[in-house]
Amino acid sequence: MAVFKGFKAFRPEKSKQSLIPALPYDVMNSQEAREMVKDKPYSFLHVDKAEVDLPEDINVYDDCVYQKAKENLLALENSGALIQDKTPCFYIYRQIMNGRSQTGIAGCASIDDYLNNVIKKHEYTLAKKEQDRVRHVDTCDANTGPIFLTYRKNDVIKDIVASWTASHNAEYDFDSDGVGQTVWVIDDEDTVNALTAAFAEVPALYIADGHHRCASAVRVAESRRKAKPDYTGDEEFNYFLAVVFPDDELEIMDYNRVVKDLNGRSSQKFIDEISKCFEVEKVSAQYHPEKKHTFGMFLDNEWYRLTAKSDIIDETDPVARLDVSILQDNLLCPVLGIENPKTDDRIDFIGGIRGLDELERRVAEDMKVAFAMYPTTVDDLMSIADADLIMPPKSTWFEPKLLSGLFIHHLS
């Protein structure tokens with residue numbers, strides 16, 4: 001059963017509610033971050049991408065980058081731009097994008113739940129990306145960006161959230177790049193205890209987004225446990241910042257593919273080859289797949305609908321039945337020669353938020369063929385995590401992104 005508890009967050013002083021929060025550090029590069037912080041002295045990118053305040057030729061993994069992050073975080077706290085709650089609280093966090101709402105709860109999850117697989121994973125992590133966040137968390141002594149978790153919907157939790165939002169005013173309510181961001185602070189001890197008890201009945205939490213941040217937080221905690229062998233388990237370093245959402249409110253967007261060439265084939269030879277595993281039908285306009293096991297393909301300025309033939313679909317295997325697996329195993333690898341999509345520079349991936357126009361643009365610019373995917377479902381994600389299996393790379397794209405700087409969890 002899951003441990004999820006309230007904490008004394010550092011969070012924006014109300015007049016700074018729209019000035020501090022920023023997109024997570026891993027959705028932009030350093031140059032983009034430098035542009036984004038111009039005339040924005042309070043932006044949390046000064047903490048999460050602290051190289052923006054150092055010379056442009058700085059190595060982003062230099063010690064001084066992490067020290068600058070710590071300095072900038074403490075400056076926000078000491079100036080009063082970030083304030084700390086006096087008692088442990090939960091924080092209801094609602095986002096509205098294109099008319100769709102998702103409402104989560106910010107709190108602290110347990111590293112032991114991660115180690116014991118109560119918090120379930122579906123993705124491998126890269127050591128270099130982990131180490132970057134380990135150094136950031138350890139130097140700042142804080143989790144500065146929340147992990148995006150989900151759980152199977154729970155009526156008790158839903159009712160507590162609905163009751164609180166109906167009877168209390170929001171602490172923050174602002175727009176960020178077209179996404180509504182609303183936060184309520186649950187500062188009533190009885191309600192905090194009721195939510196903690198309700199989560200104790202939840203059998204599992206699932207990482208939706210943030211595997212590297214999560215693994216890094218756990219590594220920092222393990223290091224601190226080693227340095228403090230008499231730890232009790234109650235220390236803040238035993239927990240990490242997360243926002244948890246019920247599964248029925250989340251939407252995964254498509255994660256599309258573009259490839260540079262046809263692996264030495266003419267377009268007709270390529271179509272002939274893929275027709276062994278897919279029904280190929282030319283369509284008159286952009287084609288976004290409407291159901292599982294169908295794909296859009298853009299080639300030579302034409303759109304096609306691909307439908308996987310039944311003999312290549314294994315519905316009993318939660319990984320093999322994913323559309324990203326079907327495309328990889330029956331087209332990208334055997335026909336286009338892309339054996340490892342994580343390392344092959346002939347393939348690129350485009351989040352569904354960019355739309356099909358972006359696929360056409362990339363094919364016109366530097367690619368040969370594009371594939372539009374049907375989105376992986378939250379149920380797919382949970383089934384794979386429950387089976388202790390791993391999703392193929394670039395299987396999920398979540399929107400909207402959780403902002404950093406709304407809640408900061410200090411480890412000591």
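Me: Hello! How many bridges join strand β1 (residues 4-5) to β5?

Reply: This is a predicted model, where local features need pLDDT of at least 70, side-chain atom pairs count only at pLDDT 80 or more, and totals for chains, interfaces and linings use all residues. Residues are numbered from 1 along each chain as its sequence is written, and side-chain values use heavy atoms, leaving out hydrogens and water. Strands (E, at least two residues) are DSSP runs numbered from the N terminus, and two of them pair if DSSP finds at least two bridges between them. β1 and β5 run antiparallel, and the bridges joining them number 2.

Me: Thanks! Which residue of β5 is the bridge partner of Phe4?

Reply: Phe4 falls in β1, which spans residues 4-5. Across in β5, its bridge partner is Ala109.

Me: And which residue takes a positive phi in the hairpin of β4 and β5?

Reply: Strand β4 (residues 90-97) pairs with β5 in the antiparallel sense over 7 bridges, with Tyr91 standing opposite Ala106 of β5. The hairpin has 2 residues between the strands, and the one with a positive phi near 50 degrees is Asn98.

Me: Which residue in β12 is the bridge partner of Ser110?

Reply: β5 also pairs with strand β12 (residues 239-246), antiparallel and over 6 bridges. Ser110 has its bridge partner there in Tyr239.

Me: How many of the 11 residues of β5 are buried?

Reply: Buried means under 20% relative accessible area (1.4 Å probe, protein chains only), with exposed over 50% and partly exposed in between. β5 covers residues 100-110 and is largely enclosed by the rest of the structure, because its buried residues number 9.

Conventions: Helix = DSSP H or I, 4+ residues; strand = E, 2+ residues; numbered from the N terminus.
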